[in-house]
Amino acid sequence: MRLKVCYYTNKGFRQDNEDALLIDIVVLQEEFMEKVECLKHEGSGLFAVADGLGGHRGGELASRILLETFREKKPQREEDILNALKVARDRLEHFAKEHPAYSGLGTAVAGLVLVEGKTIVFNVGDCRVYGIEKDRAVRLTEDHTEAEDLVRAGFLDPIRAKHDPRRNYLTSAIIGDSEFINFEVFMKDVYGYRRYIVCSDGVWEALEDEELSLPPQVMVELLLEKGGSDNMSFIDISLEE
């Protein structure tokens, strides 16, 4: 299997970039990138975006620790993904105990594993994975937010939820606190897509679904024009013949 992988991250108007990217075995965390970078990748792969929790000190550390754990564990099955998330959570708690000023540091994450013709998508929190069908993006993950809970219960319209303030109130995250040992994970196998977008909420909040299907550099131009109130990071993975 041959992949084309493009990626981008930018702190936007925030003071720091608390997002981090995992591109198979490389963890990337930068203040901003001037343009999209692309590479060719052979075989299976692991791709993820982690978004450190705003309002908590150490969000950038939390996102990096989680993705470094994934790089180390190299999960290939659902149970491997869950185990890597548990290990990362324990490492965040250990870090917080050694550095009390960082108590409660945490992160959201979304990603996908491509292995042996199988694709597994997963997320915790409000990072997302989309499958691209021609000129539209299909959300493959489910947010862990108060707004999403209301949508599932039929009390909030999905279109309005995109701009509802409760979209930022997480109901699940990977947090380094002994009071938050348990977390909810969304995972499923997906089929039939030749292109995927993994992104932080700063991307999907700024762009419409049809804009998420545009070429990566065009997405960046739109993000710089329309977004910026949050960190903005994405990975674009295309399967080539």
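Does D24 count as buried, partly exposed or exposed, and at what relative accessibility? Select D24 to begin: at 22% relative accessibility, D24 counts as partly exposed, where buried means under 20% relative accessible area, exposed over 50%, and partly exposed in between (1.4 Å probe, protein chains only). The model is predicted, with local features needing pLDDT of at least 70, side-chain atom pairs counting only at pLDDT 80 or more, and totals for chains, interfaces and linings using all residues. Residues are numbered from 1 along each chain as its sequence is written, and side-chain values use heavy atoms, without hydrogens and water.

D24 is found in the loop between β2 (19–23) and β3 (26–28); helices (H or I, at least four residues) and strands (E, at least two) are DSSP runs, numbered from the N terminus. The phi of D24 is positive, near 65°, in a residue other than glycine. Most residues other than glycine have a negative phi.

Next, select residues 59–73, helix α1. Its 15 residues should span 21 Å at 1.5 Å a residue, and the end C-alpha atoms are 21 Å apart, which agrees; the expected span is 1.5 Å times one less than the number of residues. Buried positions in α1 include A62, I65, L66, T69 and F70. Move on to K74, which follows α1 and lies in the loop between α1 and α2 (78–98). K74 has a positive phi of about 50°, although it is not a glycine.

Of its 44 residues, F47, L112, V203, F234, I235 and I237 touch the most other members. Centre on V203: leaving aside residues up to four places away in sequence, V203 touches L212, M219, L223, M232, S233 and F234, with contact meaning heavy atoms within 4.5 Å. Another core, of 28 residues, lies apart from the largest one and has V27, A62, L66 and F95 among its members.

Finish at the largest pocket by selecting R128, R139, P158, I159 and K162, which lie nearest its centre among 20 lining residues. The largest share of this lining, four residues, comes from α3. By class, the lining has seven nonpolar, two polar and eleven charged residues. Here Ala, Val, Leu, Ile, Met, Phe, Trp, Tyr, Cys and Pro count as nonpolar, Asp, Glu, Lys and Arg as charged, and the others, Gly among them, as polar. A pocket is an open set of points on a 1 Å grid over the protein atoms alone, where a 1.4 Å probe fits, with protein on both sides within 12 Å along at least five of seven lines; lining residues have an atom within 4 Å of a point.

How values were computed
A nonpolar core is a set of buried Ala, Val, Leu, Ile, Met, Phe, Trp, Tyr and Cys residues joined through side-chain atoms within 4.5 Å.
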